[in-house]
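Here are some notes to read beside the model. Please keep the sequence and the 3D view open while going through them.

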Amino acid sequence: MNSDRLARYASKLEQLRQKGRLRSLRHDAGIDFTSNDYLGLAASPAMGAALIAAIERGVPVGAGGSRLLRGNHAEHEALEEEAAAFFRCERMLYFGSGYTANLAVLSNLPQRGDLIVHDCLVHASAHEGMKAGRAEVISVPHNDASAIDGAIRSWRATGGMGLPWIVVESLYSMDGDRSALPDLAEIADRHDGFLFIDEAHATGVHGIDGIGYSAELEGRDNVIVLHTCGKALGAAGAFVGGNRVVCDFLVNRAGPFIYSTAPSPLQAACVRHALATLAKEPERRVRLHDLIAFANAQFSERFGMPGSGTQILPVIIGDNGRTMRVAARMQLKGYDIRAIRPPTVPVGTARLRITITLNVDKPTIARMMAELAKVIEEEAA
Ligand SMILES: Cc1ncc(COP(=O)(O)O)c(C=O)c1O
């Protein structure tokens, strides 16, 4: 009986297995070439000490309710104020994760009659948000500002009356390349629209003081920025930064904010520590950028093509099975390197997503690149 009810899931899983797309969980064993803990903060003793200090000053583990009820803790408010000052925007709203923040923003701020034009490579959580909202949605080719402009123009020409929204990442999570933000801001201004920038992978690493690539745009009333706290900031959660009116609207309308228990106040305390560390220890970013430059040079030497130039270095292999085999062989050699397959990335572009963090050093990067080049060559033979 039970097995009949479960058969439809089992057969889907079997189909995924046959296509080389079956996912499963594994431990974080091996040298870290896969996490987003870019600044090495997640397991740092100082982060642990900040957590203990927060417990000792009485910060609770659980918020006990939604932010709109008893769950609005002083720690959340202090964090949001400090984050607004750090990222230089009018107001910050703290969510439990980047996923829920993207969902909240994109399903609520663009309204019926508006148009969202998004880069085809934006994160799954942005897609969820756009799908749940009421605006018309158009996908355009990757990093093509003129396609964005063209899509807005033809929508207006055919009677589009609402506001246009441009949705991009500043640094693409699976490709490691950047958006041309000034051009996009100009297009948003020209069409009297909004620009929404997901800074998940730039926050803490790039831009003035680690503010991200939107440092110069933040604070404009038509720019809304997402900064996640589970990557370079080493903790969890995400900020939506923008105009006060926009944040007040989200507090009143965004289901993921209203109907969910507030993030742990202890988590908020850890993010406060991470922001203070970004300001106090710029040498972390300097060290990371030195490693990034080294890793990109190693990449081009070993693979005969330029790297992305950032801390995210995709090695595109194409075939799902071969990508899995290369990843498995590197894992056996002690490197935590993961295969990323469709649908996370476009069909035919299965890849290893290598990240550079302060959890590794130059000799380890050089050794890993040499072994990876050898394994890829052997698998291609
Ligand atoms: C570009 C981008 N946006 C949003 C998210 C979601 O953030 P979080 O992990 O905090 O849910 C991710 C996570 O990988 C991401 O890469």
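1. The largest cavity has a volume of about 30 Å³. A cavity is a set of points on a 1 Å grid over the protein atoms alone where a 1.4 Å probe fits but cannot get out; points are joined across faces, edges and corners, and the volume is the space filled by probe spheres set on them. The search of the whole structure finds one cavity of 30 Å³ or more.

2. This is a predicted model, where local features need pLDDT of at least 70, side-chain atom pairs count only at pLDDT 80 or more, and totals for chains, interfaces and linings use all residues. Residues are numbered from 1 along each chain as its sequence is written, and side-chain values use heavy atoms, without hydrogens and water.

3. Lining residues (an atom within 4 Å of a point) of the largest cavity are Leu 39, Leu 41, Thr 277, Leu 278, Glu 281, Arg 284 and Arg 285. Helices H10 (265–280) and H11 (282–303) each give two or more residues to this lining. Helices (H or I, at least four residues) and strands (E, at least two) are DSSP runs numbered from the N terminus.

4. Seven strands form an open sheet with mixed pairing, in the order E2-E8-E7-E6-E5-E3-E4. Strands pair if DSSP finds at least two bridges between them. Strands E2 (91–95) and E4 (136–140) are at the edges with a single partner strand each, so one side of each has no neighbour in the sheet.

5. Strands E7 (residues 223–228) and E8 (residues 238–242) run antiparallel and are joined by four bridges. Val 225 stands opposite Gly 241 in E8.

Conventions. 1 Å grid on protein atoms, 1.4 Å probe; cavity = no way out; pocket = protein on both sides within 12 Å on 5 of 7 lines; lining within 4 Å.
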